[in-house]
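I opened my notebook today to look at how parts of a protein hold on to each other. Here is what I looked up, step by step.

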There are 2 protein chains.
Amino acid sequence: MKFREVLDNIKIYEAGKPIELVVREFGIDPKDVVKLASNENPKGVSPKVSKAIVDNASKAFLYPDDSMFELKDGLAKKFDVKSENIIIGAGSDQVLDFISRVILEPNDKVLMSAVTFAMYEVYARQMGAEIIRTKNYKHIVDEFIEEYQKHKPKIVYICTPNNPTGDATTKDDVLAIINAIDKDTMIVVDGAYMEYAIAKDEKYRVTPNDLIGFENVIYLGTFSKAYGLGGMRVGYGIANNTIITALHKMRPPFNITTLSLVAGIEALKDEQFVDSSIELHRQEITRYEEFAKDNNFDYIDSYTNFITYLFNDDMSSTKISNALLKKGVIIRDLASYGMNAIRITVGTEKQNSRLFKILKESIN
Amino acid sequence: MKFREVLDNIKIYEAGKPIELVVREFGIDPKDVVKLASNENPKGVSPKVSKAIVDNASKAFLYPDDSMFELKDGLAKKFDVKSENIIIGAGSDQVLDFISRVILEPNDKVLMSAVTFAMYEVYARQMGAEIIRTKNYKHIVDEFIEEYQKHKPKIVYICTPNNPTGDATTKDDVLAIINAIDKDTMIVVDGAYMEYAIAKDEKYRVTPNDLIGFENVIYLGTFSKAYGLGGMRVGYGIANNTIITALHKMRPPFNITTLSLVAGIEALKDEQFVDSSIELHRQEITRYEEFAKDNNFDYIDSYTNFITYLFNDDMSSTKISNALLKKGVIIRDLASYGMNAIRITVGTEKQNSRLFKILKESIN
């Protein structure tokens with residue numbers, strides 16, 4: 001069998017290690033595993049959503065309403081847009097895939113930050129595109145404009161707040177980048193963690209409505225983080241009709257599950273859960289900032305539900321990550337992103353206390 | 001915005017109409033809607049699977065084990081293959097997508113039956129491929145070999161039992177087609193409805209193990225039909241390591257949900273549910289055969305959980321489908337497949353009785 005040449009350039013995305021794997025590999029009791037690696041919501045699932053899943057479990061044999069009428073209607077009301085401006089994906093991840101597939105031809109270029117969400121690269125490489133990165137992980141306007149003019153990429157990714165670094169780009173800066181780019185380049189504004197940034201500082205608030213007037217911009221959001229539905233795989237893209245219609249040509253039918261659809265619809269009705277998730281996060285993240293200061297290492301000021309610790313040369317992020325893993329604490333080593341750093345999801349009070357204890361042991 | 005030219009040739013797949021749509025459009029009480037359009041399992045979900053979903057609803061915030069260790073292990077044992085020979089998709093549908101994406105370049109050809117599963121064409125067109133079809137909807141060995149030699153397609157699809165027609169191809173004929181095709185053409189044996197064919201006649205039994213020795217063949221199966229999990233989107237491909245490794249390069253992380261993974265694992269432990277589903281089906285399908293004979297129209301002998309009624313020129317499948325729809329009975333019109341025919345999922349005794357009553361009214 002001969003496979004396509006593009007496959008030679010595809011790295012397989014390394015997912016955060018699941019609890020099951022740590023249980024299998026190190027024989028640790030599942031109850032003692034602390035997973036702070038995948039930016040899941042430490043408050044878990046909204047009880048209302050959980051109840052809706054339970055109530056609908058017996059419908060698992062039925063395909064979902066493929067028009068996703070009610071979910072789109074809920075999102076349209078939340079964001080003050082029309083349902084026809086929305087496409088639903090199996091996570092915003094899948095919308096990223098659709099975007100690559102409607103635009104990229106082999107050897108096209110895409111532009112993104114030095115350190116950003118890994119799947120931008122994966123989906124672009126699947127289409128045979130070339131990856132251009134800015135020098136900094138922060139989205140610096142001049143740097144984006146300079147690289148854009150030099151390379152004329154077909155897609156520009158703005159991840160705000162940025163993952164896996166945790167920094168954010170102001171609305172003014174996002175608009176400055178958009179306004180400097182020609183209309184035949186697609187700009188993706190990925191707001192997967194936007195709820196956390198907005199809660200911290202209003203000047204980082206970027207909404208679909210701020211962007212929908214641009215013919216070449218799409219906003220991405222997700223239910224995986226603040227809405228506590230990482231395991232249900234529901235995300236969305238919001239843009240003008242022309243973009244959404246094109247993306248639908250790449251959308252397979254029934255691309256989210258019947259229970260994911262129910263969960264998304266119900267989650268939109270429980271904004272109080274989102275607020276309480278953010279409240280918990282705001283309390284706990286200060287402990288992470290203090291821990292870093294107390295132990296003399298740096299961190300990136302976070303606009304997300306995780307924090308990135310930066311280590312000096314006398315410490316190795318990989319050694320530390322492995323030491324934590326053996327004790328049942330899963331975090332994300334950023335060595336594969338070229339950083340001597342670790343990304344830690346801010347968990348519950350109890351999870352965080354355990355993390356501090358084990359991390360303290362590992363660095364001393 | 002300029003989109004890729006391949007988009008011009010993509011038809012959007014028309015999913016079976018959901019109950020919600022009939023409720024919205026015709027104001028029918030959801031309890032009175034009979035949906036026999038999407039080949040869902042009329043026995044619903046296995047109670048054991050339903051319980052597992054309920055028990056795990058509160059884990060919806062957690063990403064699934066992306067290695068899918070336990071599900072692959074269960075499938076490996078069931079089919080007597082190795083876990084590394086298995087890839088999991090969001091429905092076998094998604095595995096079809098991966099196959100297209102690892103093989104097809106623009107203007108490559110793919111070969112399939114005259115009337116077969118619509119997504120083969122959609123995924124091939126997304127890659128810019130050209131569709132070649134045999135003359136008959138049945139998979140006739142000589143016809144497949146002739147078209148293969150004429151067009152040298154990169155992928156050959158064998159859908160057995162075939163959807164939306166319901167006929168099947170014997171194991172001997174499947175092997176005859178495979179043996180006549182060069183090793184640089186991928187052959188997809190799609191057994192989405194295989195459980196029903198096997199129950200009817202052993203000579204149609206094709207297993208992954210019959211095919212795994214071929215370097216260019218992949219077997220597809222699904223939990224959507226006999227296993228009663230259409231809404232959970234879980235399917236699989238089984239082939240040699242080289243093929244599976246290539247497909248994994250196109251698999252996005254977390255491509256099934258946390259609850260889908262739980263459901264699939266549990267479904268494999270409840271083969272009794274599958275047996276009872278097939279038993280119900282075998283009882284009820286004879287009523288469909290008798291109804292056709294009593295009303296003087298033809299049907300295709302079915303090896304699946306649905307039956308296809310063939311109409312003469314004095315009857316219109318589209319008119320009949322629309323008449324049924326207005327009375328809350330959803331079936332599948334095959335006009336878009338070039339057939340004056342309807343496909344009806346064999347439902348519960350009560351659903352089928354209602355179908356017969358309304359259909360009788362509509363054809364007289």
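**Entry 1: ground rules.** I am working with a predicted model, where local features need pLDDT of at least 70, side-chain atom pairs count only at pLDDT 80 or more, and totals for chains, interfaces and linings use all residues. Residues are numbered from 1 along each chain as its sequence is written, chains are lettered from A and ligands numbered from 1 in the order in which they are written, and side-chain values use heavy atoms, with hydrogens and water left out.

**Entry 2: where chain A meets chain B.** I looked up the contact (heavy atoms within 4.5 Å) and found 74 residues from chain A and 74 residues from chain B. The buried area is about 6200 Å², with 64% of it from carbon and sulfur atoms; buried area is the accessible area (1.4 Å probe) that two parts lose on being put together, summed over both. I then noted 28 residue pairs in polar contact across this interface, both residues at pLDDT 80 or more. A polar contact is a pair of N or O atoms within 3.5 Å; within protein, one must be able to donate a hydrogen and the other to accept it, and residues adjacent in sequence count only if both atoms are side-chain atoms.

**Entry 3: salt bridges between the chains.** My term here is the salt bridge (a side-chain nitrogen of Lys or Arg within 4 Å of a carboxyl oxygen of Asp or Glu).

I started with A:R101 and B:D97, whose closest N and O atoms are 3.0 Å apart. This pair crosses between chains, from helix α4 (residues 92-103) of chain A to helix α4 (residues 92-103) of chain B; helices (H or I, at least four residues) and strands (E, at least two) are DSSP runs, numbered from the N terminus. Are these two residues buried or exposed? A:R101 is buried at 3% relative accessibility, and B:D97 is buried at 7%. The cut-offs are under 20% relative accessible area for buried, over 50% for exposed and partly exposed in between (1.4 Å probe, protein chains only). I also saw that A:D97, A:R101, B:D97 and B:R101 are linked in a network of salt bridges.

Next I looked up B:R24 and A:D65, with closest N and O atoms 3.5 Å apart. Here helix α1 (residues 19-26) of chain B reaches the loop between α2 (47-56) and α3 (69-79) of chain A. B:R24 is partly exposed at 35%, whereas A:D65 is buried at 4%.

**Entry 4: two domains in chain A.** I found 28 residues of domain 1 in contact with 37 residues of domain 2, and about 2800 Å² buried between them. Across this interface there is one salt bridge and there are 13 residue pairs in polar contact, both residues at pLDDT 80 or more. On the side of domain 1 that touches domain 2, α12 (271-294) and β10 (306-310) of chain A each supply at least two residues. The most comes from α12(A), with six residues.
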